[in-house]
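This report walks through one model for a reader who has not seen it before. Please look over the sequence and the structure below before reading on.

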Amino acid sequence: MNQRIVIVGAGITGLAAGHEAQRHGHEVVVLDRAERAGGKIATETVEGTHLPFPVDLAADGFLARRPEVVGLVEELGLAGELVAPRTSRAFLWVDGQLRAIPSPSVLGVPLEPDAVAGSGLVSEAGVAELRAGLTRDAAPLLGDASVGEVLRPRLGDEVFERLVDPLLGGINAGNADQLSIVAGAPQLAAAAATGGRFDEALRRQATEAQAAAAGPVFNGIRGGNGRLIEALAATLGPNLRLGHEVTGLQRSAEGWTVATARGPFTADRVVLATPAPVTARLIEPYCPTAAHTLTELGYGDAVLVTFVVEREGITHDLDGSGFLVPRDQGLLMTACSWTSSKWEHYDDGVHAVLRVSAGRTDDQRWLTLAPDELVAALTEELRVTVGLTGQPITRVSPWRQSLPQYRPGHFERCDAIDAELAERAPGITASGAQMRGLGLPACVGQGRSAISG
Ligand SMILES: Cc1cc2nc3c(=O)[nH]c(=O)nc-3n(C[C@H](O)[C@H](O)[C@H](O)COP(=O)(O)OP(=O)(O)OC[C@H]3O[C@@H](n4cnc5c(N)ncnc54)[C@H](O)[C@@H]3O)c2cc1C
């Protein structure tokens, strides 16, 4: 049946929901308080550079082994613009050197202790712990736990802290000791759930994944993720209303009234694709427990600084996609993406484009620095790590409260939120990064299934 659907939030989740609603012939409006669509996806120019293209200021790629974004990109006629990274070679900064991440590995978990032994990343004792842990028969993981609780006994502390936490903790500017393994690293959770030898479970899984999906693990979009946002906004046309902050939801005889400073919107169904604190505020009058759960979900603060410098202004060959920094190495940066090496569309043949991240839930130093102090500190770290000698042009993109922190039991809490909404506020759906996955495929999937189940 044709319904009136109001979607609150024009991040990737809300835009995907809007597109899906339109496809099904519903009457839809997508409201966002900002004056631009995209939320945490932004592709913009770095002023003062002569780069002939804008650059992603946050997400620059997405998992291609999940079908949601690739499918959406194809529907929007952008299939020809999908690009794979030019390299998968990546490094860790450990003990004053960039060291290649040992291969093969699954989400930072190395499968070959011998490759770790030659990497200089951990001590001999660390390699011995890894060897013993990977091959030990373990009881199957039942339910959820933190990544640290599951992996420390299977890999040893050193490997966990130097190889796994920088990747899994880093993805959400958090800490892998607190991250739900089911919600934050489902592949590892599935391998642990089988029990037995962890290395064998991971190898089996890797073989199955390869057989199921050919092609690259990650994709980007030529010209940046902003093109996906533009294409979605274009399909929505006047149904996308920017500068519309939603201030409340009232139940009415006709369903729901969505209040904004620019007037109300009537809806049979409302999809809230807003960050957790906003969703909590809007549903609190009807679902106080769900609102409380959402308020308790923490967010990580991250900053991404784009550095553009002439290629000869860096002595390192930048042959790879970049490097991660374990927390015990004392740097402010948590990662550095060699963006112009990783993506062909960010390589003008003249400049190196680096995207440097900082910030973790337990390291908020960057928040105490003025933008020029932050740039100065990261410039110094680039001098040490990749031999930056040139004069970079930079753009600082702070992403405050941007990355939801999934603690163990996260999906059970999402189920409880859904159940309370269904019972006490039928017609309202909570969706987006704070619920069932923060990567772009999960957000697109959630947005679409909020409409079509
Ligand atoms: C630095 C960084 C790098 C990332 N890198 C990657 C990556 O490489 N790959 C990947 O897959 N993912 C990445 N992510 C994660 C991913 O980008 C996000 O999880 C995702 O974009 C969130 O989308 P969303 O639609 O759920 O929420 P948001 O993008 O937060 O959208 C919510 C929208 O709601 C609007 N809003 C808020 N309050 C109101 C209100 N009262 N009324 C109306 N509108 C309102 C906001 O303006 C916003 O537009 C990254 C995230 C960050 C921060």
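Which residue just after α10 takes a positive phi? G237 does, with a phi of about 55°. The structure described here is a predicted model.

Helix α10 covers residues 226–236, and its buried residues are G226, L228, I229, A231, L232, A233 and L236. These buried residues pack against α1, β2 (27–31), β3 (43–44), α2 (67–75), β13 (218–221) and β14 (240–241).

Helix α1, one of those partners of α10, spans residues 12–23 and has 12 residues. From its first C-alpha to its last, α1 reaches 16 Å, close to the 16 Å expected at 1.5 Å a residue. Because 10 of its 12 residues are buried, α1 is largely enclosed by the rest of the structure. The buried residues of α1 are I12, T13, G14, L15, A16, A17, G18, H19, E20 and A21. After α1 comes G25, whose phi is positive.

|---|---|---|
| α1 | G25 | near 80° |
| α10 | G237 | about 55° |

**The ligand shell**

There are 36 residues around the ligand, and G9, G11, G39, A59 and G432 come nearest. By class, the shell has 21 nonpolar, 10 polar and five charged residues. Domain 1 (4–39 + 226–297 + 406–452) and domain 2 (43–87 + 299–404) each supply at least three residues to the shell.

In soluble globular proteins, nonpolar side chains tend to be buried together. The largest nonpolar core in this model has 136 residues, of which V8, V164 and V270 touch the most other members. Strand β19 (residues 299–310), with eight residues, gives the most to this core. Apart from neighbours within four places in sequence, V164 is in contact with G108, V109, L151, L155, V159 and A176.

**T339**

T339 lies in helix α13 (residues 339–342). Is T339 buried or exposed? T339 is buried, because 24 other C-beta atoms lie within 10 Å, where 20 or more are required. Not counting residues up to four places away in sequence, T339 touches D60, Y346, V353, L354 and R355. V308 is 31 residues from T339 in sequence, and the two are 10.0 Å apart in space, C-alpha to C-alpha.

Note on methods
Residues are numbered from 1 along each chain as its sequence is written. This is a predicted model: local features need pLDDT of at least 70, side-chain atom pairs count only at pLDDT 80 or more; totals for chains, interfaces and linings use all residues. A nonpolar core is a set of buried Ala, Val, Leu, Ile, Met, Phe, Trp, Tyr and Cys residues joined through C-beta atoms within 7 Å. Helices (H or I, at least four residues) and strands (E, at least two) are DSSP runs, numbered from the N terminus. Two residues are in contact if their C-beta atoms, placed from the backbone, lie within 7 Å. The expected span of a helix is 1.5 Å times one less than its number of residues. A residue is near a molecule or strand if its C-beta atom, placed from the backbone, lies within 6 Å of it. Ala, Val, Leu, Ile, Met, Phe, Trp, Tyr, Cys and Pro count as nonpolar, Asp, Glu, Lys and Arg as charged, and the others, Gly among them, as polar. Domain bounds come from an automatic or database domain assignment.
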